[in-house]
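Thanks for coming. I have one model to go through today, so let me put it up.

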Amino acid sequence: MARPVKKPPEQWREAILAAAKELFLEKGFEAVSVAEIMARARGAKGMFYRCFGSKEELMQALGDRAFLENNPFDAVRERRDLNGLEKMRLVLELFQQEGSRNSLNLQSAPILKDPRILAAAVANNRRVLTPLWLELLREGVADGSVQTQYPQELAQLLPLIDFWLLPSVFPASPEEIRHRYRFVVQALAAMGLPLLPEAFPPLGEEILSALPAAEGGEER
């Protein structure tokens with residue numbers, strides 16, 4: 001029998017993240033077990049729980065890693081040819097273009113039904129994204145491309161919109177989600193931030209089509 005590989009905890013964490021990303025992209029989050037992840041990482045199952053509390057926590061860590069490796073805010077920060085509003089629109093476009101991150105986001109949408117995971121995701125978005133949005137909003141106000149008196153409030157609101165549009169968090173039918181999106185487009189424009197296109201984004205359609213039919217249909 002092969003002897004267990006000896007690595008410091010941080011190396012095990014990296015190995016588990018790499019193995020899980022490969023497996024999730026190959027088979028999907030729900031189809032992959034902790035045992036399979038550790039077999040790919042060539043470690044004992046107990047090591048997984050020394051690094052992560054659950055498979056869902058691991059998925060959150062993968063999402064954080066994907067964002068940091070391809071941070072669209074960094075990509076637009078030094079663009080002198082764009083005003084603040086144009087930079088914000090480009091950030092959203094770059095989010096849409098990141099294939100593997102979007103695939104992981106699609107798979108993580110259903111696990112946000114867990115209140116503990118949802119609370120952690122909201123807190124993380126507030127901590128990471130709110131300051132980044134605020135930087136661009138203030139730039140837009142300064143150059144005149146954003147006409148609002150509420151940059152601070154909008155920076156706090158923008159990271160929450162994705163959660164409201166997820167039927168796994170706020171149950172609704174696909175048409176109700178599209179209606180919510182139209183509301184968000186008009187509400188932001190009314191606040192001086194014409195950020196979103198009128199058409200429902202392709203990634204949103206992918207999320208709706210990937211979620212089980214039981215997710216839809218909010219009670220009236």
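This is a predicted model: local features need pLDDT of at least 70, side-chain atom pairs count only at pLDDT 80 or more; totals for chains, interfaces and linings use all residues.

Residues are numbered from 1 along each chain as its sequence is written, and side-chain values use heavy atoms, with hydrogens and water left out.

On confidence, pLDDT is the predictor's confidence in each residue, from 0 to 100. The protein chain has a mean pLDDT of 88, with 91% of its residues at 70 or more. Residues 214-220 fall below 50, and this stretch has 16 contacts in the model beyond near neighbours in sequence. Contact here means heavy atoms within 4.5 Å.

Now the fold. The protein chain has 11 helices and 0 strands; helices (H or I, at least four residues) and strands (E, at least two) are DSSP runs, numbered from the N terminus. The C-alpha trace spans about 65 × 45 × 25 Å along its principal axes. Of contacts between residues at least 6 apart in sequence, 64% join residues at least 24 apart. Of the 220 residues, 43% count as buried, where buried means under 20% relative accessible area, exposed over 50%, and partly exposed in between (1.4 Å probe, protein chains only).

Next, the helix pair. Helix 4, residues 55-69, packs against helix 8, residues 115-143, at an angle of about 15° with the axes 11 Å apart. Axes are lines fitted to C-alpha atoms, for helices over the stretch in contact, and angles run from 0 to 180 degrees between N-to-C directions. That angle makes the two helices roughly parallel, a label for angles under 35 degrees, with over 145 roughly antiparallel, 65 to 115 roughly perpendicular and the rest oblique. From helix 4, Glu 56, Gln 60, Asp 64 and Phe 67 meet Ile 117, Ala 121, Asn 124, Val 128, Leu 129 and Leu 132 of helix 8.

Is Lys 87 buried or exposed? Lys 87 is buried, because its relative accessibility is 1%. Lys 87 sits in helix 6, residues 84-97. Leaving aside residues up to four places away in sequence, Lys 87 touches Val 76, Arg 77, Arg 79, Leu 82, Leu 136 and Glu 139.

Arg 42 is in the loop between helix 2 (34-41) and helix 3 (45-51). Arg 42 has a phi near 65°, a positive value in a residue other than glycine. With 66% relative accessibility, Arg 42 counts as exposed.
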